[in-house]
2 protein chains.
Amino acid sequence: MPTPRPARRSIAMDALSQDTKTRILDAAETLFMEHGFEATSLRQLTGAAGVNLAAVNYHFGTKEELFQAVLTRRLDPMNQERIDLLDRYLRESRAKPLSCEKILSAMLIPALRLARDEKRGGKHFLRVLGRAYADPAPFIRHFLSAQYAEMINRFKDAFLEALPHLTRQELTWRLHFVMGALSYTLAGTDALKLMAQVAPGEKDNDEMVLQRLAPFLAAGLKAPLGDPRKLELVSGD
Amino acid sequence: MPTPRPARRSIAMDALSQDTKTRILDAAETLFMEHGFEATSLRQLTGAAGVNLAAVNYHFGTKEELFQAVLTRRLDPMNQERIDLLDRYLRESRAKPLSCEKILSAMLIPALRLARDEKRGGKHFLRVLGRAYADPAPFIRHFLSAQYAEMINRFKDAFLEALPHLTRQELTWRLHFVMGALSYTLAGTDALKLMAQVAPGEKDNDEMVLQRLAPFLAAGLKAPLGDPRKLELVSGD
DNA sequence: GCTCGATTCAAACGCCCGTTTGAAACTATC
DNA sequence: GATAGTTTCAAACGGGCGTTTGAATCGAGC
């Protein structure tokens, strides 16, 4: 029997159910990261969380809604943080257009903060997110596009001022590439080992990664438009 | 047909079983692309292929081995093509180091050729591949890292000559970002709609995508090393 | 002390999964 | 036409899945 909590009164039930919900969310975050959405069963999940099997359906409705709740819990604050940071930069710049690097910082810093904050799920969540990007399930795709719409549009406007040589369509593509490299990097469950071993024993790995990713992405965004003839398919031999 | 060793199976049998195997592989390629590995059932798959349910286990052993066969059928030739193309460029350059763009072409062109070749699975396969990159299942990760090891190492050597300002470790990271943007872009089942609509009615979409991706990646690879202080976490407010 | 809504729990529901089985069908060879 | 090896087939196996159910438990308010 779990210890009864005499502290709170009317909120006691709330606190208990909150506790159950939180334990489910935490276990789901970890297991979805380790095995993916489909391969994680509710029996496995509720077992790890130490709650009854039926608790997921009681508190969240379905497994899919649980997954959305896992994403929302972290994504909403992170994207709001991104928008707030961008707004602060814009206010501080006093009408002068921001540099590409500065705008990129507003995107990456909240992600990095989240990655380093173990109390908010840290890397666990970012890997779940990175995987979700590549998932073809319609409910995931619709959910993500809705979640990201506002944030992406705000950043697109800012980048358009910083990169006047790009059309809106060209920028859309490049932001797509940025999100690709970012999500793939964050998702990287051992993906690094695909090509090489990282130097062992490095502290603060995520910060190091983003410090490498940022100049790469900034240079890509600032690149001149491509010459259609640079990439020939017909191999002239 | 005078076969050297007629003690083995007949040609007619081979043709039949080859046909069944091919139909399974084709259906698997499409369904794994549409729904992912876990979410595709063998009943669905064999139904679409018009073969008996047991045929997958008879010809491939398990569902996992079928998935590896789906990947191998396209990946082996494509990676070989990449290596061959890089070798040809190296031969033609006569000891002078190749440009970054040229090396990148050797990576992208075979992928583009595959994407445009409907008879080799085209986009279907590339989306399966893009998803596989983000899959945490150990058997997929081990398989992919083995498949890619040789190709990646060959290209790393070439890039190291083209980008002398990068250490081997730094280059490893940047190639990681390159693979990320590439696989994410190729995987993109409607991922584009995450941020914006593409101009409708464009012909030869994949070629257009790679012509946009190539300059982005080349610029990223050539970028100067990042300044650790460019990305501050402590938001001085 | 009783009620009542919220939460937990064990058990079951119906369904679909990947795989196995053993017999039938087919075909080249003798 | 019997033989042997390969491939197909219908059927079933055991098990795990997400979800539902209805009773038990709990705490707060009257």
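Helices (H or I, at least four residues) and strands (E, at least two) are DSSP runs, numbered from the N terminus. This is a predicted model: local features need pLDDT of at least 70, side-chain atom pairs count only at pLDDT 80 or more, and totals for chains, interfaces and linings use all residues. Residues are numbered from 1 along each chain as its sequence is written, chains are lettered from A and ligands numbered from 1 in the order in which they are written, and side-chain values use heavy atoms, leaving out hydrogens and water.

**Exercise 1. State the fold pattern of chain A.**

Step 1. Chain A holds 9 helices and 0 strands.
Step 2. Along the sequence, the pattern reads α-α-α-α-α-α-α-α-α.

**Exercise 2. Classify the ring pair A:Phe67 and A:Phe139.**

Step 1. Apply the rule: rings of Phe, Tyr and Trp (its six-membered ring) pair if their centres lie within 6.5 Å; planes under 30 degrees apart are stacked, over 60 edge-to-face, the rest tilted. It gives 18 aromatic pairs over all chains.
Step 2. The centres of A:Phe67 and A:Phe139 are 6.3 Å apart and the planes stand at 75 degrees, so this pair is edge-to-face.
Step 3. A:Phe67 is in helix 4 (residues 63-93) of chain A and A:Phe139 in helix 7 (residues 138-162) of chain A, 72 residues apart.
Step 4. Both A:Phe67 and A:Phe139 are buried, where buried means under 20% relative accessible area, exposed over 50% and partly exposed in between (1.4 Å probe, protein chains only).

**Exercise 3. List what B:Phe159 touches.**

Step 1. Contact means heavy atoms within 4.5 Å.
Step 2. Leave out residues up to four places away in sequence; B:Phe159 then touches B:Cys100, B:Ile103, B:Leu104, B:Met107, B:Leu171, B:Leu175 and B:Leu221.

**Exercise 4. Decide whether helix 8 of chain B is enclosed or open.**

Step 1. Count buried residues: 18 of the 20 in helix 8 of chain B.
Step 2. Helix 8 of chain B is therefore largely enclosed by the rest of the structure.
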